[in-house]
Amino acid sequence: MPAILTVAEMGQADAAAIAAGTPGRALMERAGSAVAEDVCRRCPEAHCVLVLAGPGNNGGDGYVAARHLAELQRDVTVAAYVDRKDLRGDAAEAAAAWQGVVKPLHAIRSDSFDVVVDALFGAGLVRPIDEDTAQLLRAIEQCGRPIIAVDIPSGVSGDSGAVLGQAMHATSTVTFVRRKPGHLLFPGRQYCGEVTVADIGIPDSIVDGLRPRTHLNVPAAWAGRLPVIPADGHKYSRGHVLVVSGPALATGASRLAARAALRAGAGLVTLAGAHDALLVHASHMTAVMLAEIREAADLGRLLDDKRYNVVVLGPGAGVAATTRAKAIETMERHRALVLDADGISVFQKEVPGLAAMIRANAAPVVLTPHEGEFARLFKGISQIIDSDSKLERARAAAAMLGAVMVLKGADTVVAAPDGRATIAANAPPTLATAGAGDVLAGIVAGLLAQGMPAFEAASAAVWVHGEAAADFGVGLIAEDLPDRLPAVLRRIKVGS
């Protein structure tokens, strides 16, 4: 399972490797060599190389890369942020081994080089870059030369992906051991270019020993928990999803969720709503069943049938007291619940009460907000809203509510109450289309209905959703997504 390491965890991995007998200087040598290899692979004709060397170990990696590139007959200049005598430890040794040209950082002409190696500041940067250096970075980027970043582009936070003052858009980034959150979270992701993860000799056993809580959202993270239909299975053994409809003129969102739940494998799906809304649904749906309800009590009576094991509430439902009442009724009936869109917004300013209801529910609850809905729900709760890390906001929200949180976007984060999280990197920009979120809610519900654990179901749904969109390509609309799901799920099962 592909782990993502925080800056602190990467430091722990380095320390553990050193304690196990690998000198820090050897790790730096391998890192710098990997950077040099990337430069040669991407820019084979580049002769004049500028290496920007920072004040810490990132700069040390740069000095090593400079030496290897010079040995390969490249004309290399190092532009140093600090004098070599001010470096310490492994970085000082690496700098001392460099026998070539070193100039002060602000004395170089950035347009006189074929390629730039950015080894100024690594993933652990915590404060904005000073304005003089920021101006230099802007000038370098404007020259249009290829930029190879060491660890992460300077100015990007490794933990949050936030840009601290200024950063350059790298052509590629060479990081070490594992990706960091900043490689995957926006805006940092768009500064990294193609990311290569280099092996510098830290064994998997050390990484595994850290028990990282964050992983890249790929099938390896959850494929082993995908539902398997037994030979003697039947529709009721595959679960029954109940999707609560919006009013007659707002039925489309719930219909998208219902079809997605069915395509994701639920044995049965029912749309429940007012009579006039059901007439609209009846003209569109065949395999999805219909049930008339008006008030929360009607929903409760429907849920007397224990075979309804998952409820989807929110798509097109309206921000109304009846929507809130239906959510409460569902949780009081101890059903798994996917809260989306209006089903989230109706609990604005009620986070403590919502958390109490979720924790009292014997079944899992999954929330699928976009950033706007998330901000409205947690308005005024500074420990969540004020964080610049999408990962940590999602993780804190999941812990506070006791629910699985799917914080949507181009870098969707799925977080569990116990701190586990996945970050998705496969969503194409075409997925930014009306109704796509309703389909996602339905996929989550379809997997939950078949008994998949909530965190894994939500992570799988996000990845499958992205793959379905990528399969379709340009011109995608939400209606295209459900019918793409079987092919995507089939590929996962064939490959597992």
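Q: Where is Arg 211 placed?
A: Arg 211 is in the loop between helix H7 (204-209) and strand E9 (214-216). Helices (H or I, at least four residues) and strands (E, at least two) are DSSP runs, numbered from the N terminus. Before we go on: this is a predicted model, where local features need pLDDT of at least 70 and side-chain atom pairs count only at pLDDT 80 or more, while totals for chains, interfaces and linings use all residues. Residues are numbered from 1 along each chain as its sequence is written, and side-chain values use heavy atoms, with hydrogens and water left out.

Q: Thanks. Is Arg 211 buried or exposed?
A: Arg 211 counts as exposed, at 70% relative accessibility. Buried means under 20% relative accessible area, exposed over 50%, and partly exposed in between (1.4 Å probe, protein chains only).

Q: What is phi for Arg 211?
A: Phi of Arg 211 is near 50°, a positive value in a residue other than glycine. His 334 also has a positive phi, near 60°. His 334 sits in the loop between helix H11 (321-332) and E14, and counts as partly exposed at 42% relative accessibility.

Q: Which peptide bond is cis?
A: The bond from Phe 186 to Pro 187 is cis, with omega near 5°. Pro 187 belongs to the loop between E7 and helix H6 (189-192).

Q: Now the sheets. What is the strand order in the sheet of 7 strands?
A: The order is E4-E3-E2-E5-E6-E7-E8, in an open sheet with parallel pairing. Two strands pair if DSSP finds at least two bridges between them. Strand E4 (101-104) and strand E8 (194-198) are at the edges with a single partner strand each, so one side of each has no neighbour in the sheet. From one strand to the next, the twist averages 20°.

Q: Which helix packs on that sheet?
A: Helix H2 (residues 24-42) does, touching strand E5 (115-119), strand E6 (147-150), strand E7 (172-176) and E8. The direction of H2 makes about 155° with that of E7. Contact means heavy atoms within 4.5 Å, and axes are lines fitted to C-alpha atoms, for helices over the stretch in contact, with angles running from 0 to 180 degrees between N-to-C directions.

Q: And Ile 148, what does it touch?
A: Not counting residues up to four places away in sequence, Ile 148 touches Asp 38, Val 39, Arg 42, Val 115, Val 116, Val 117, Asp 118, Ser 172 and Val 174. Ile 148 lies in strand E6 and is buried, with a relative accessible area of 0%.

Q: How many bridges join E13 and E14?
A: Strand E13 (residues 308-313) and E14 pair in the parallel sense over 4 bridges. Val 312 stands opposite Val 338 in E14.

Q: Which way do the residues of E14 point?
A: In strand E14 (residues 336-339), Ala 336 and Val 338 point one way and Leu 337 and Leu 339 the other way, and all are buried. In a regular strand the side chains alternate between the two faces of the sheet.

Q: New topic: at what angle do H13 and H16 cross?
A: The axes of helix H13 (residues 351-360) and helix H16 (residues 390-401) cross at roughly 65° and come within 8 Å. H13 and H16 are therefore roughly perpendicular to each other. Angles under 35 degrees count as roughly parallel, over 145 as roughly antiparallel, 65 to 115 as roughly perpendicular and the rest as oblique.

Q: Which residues make that contact?
A: H13 contributes Val 351, Leu 354, Ala 355, Ile 358 and Arg 359, and H16 contributes Ala 399, Met 400 and Leu 401.

Q: Last one: which residues have the most contacts inside the largest nonpolar core?
A: Those are Trp 222, Val 241 and Ile 492, in a core of 58 residues. A nonpolar core is a set of buried Ala, Val, Leu, Ile, Met, Phe, Trp, Tyr and Cys residues joined through side-chain atoms within 4.5 Å. Helix H18 (residues 454-472) supplies the largest share of this core, 11 residues.
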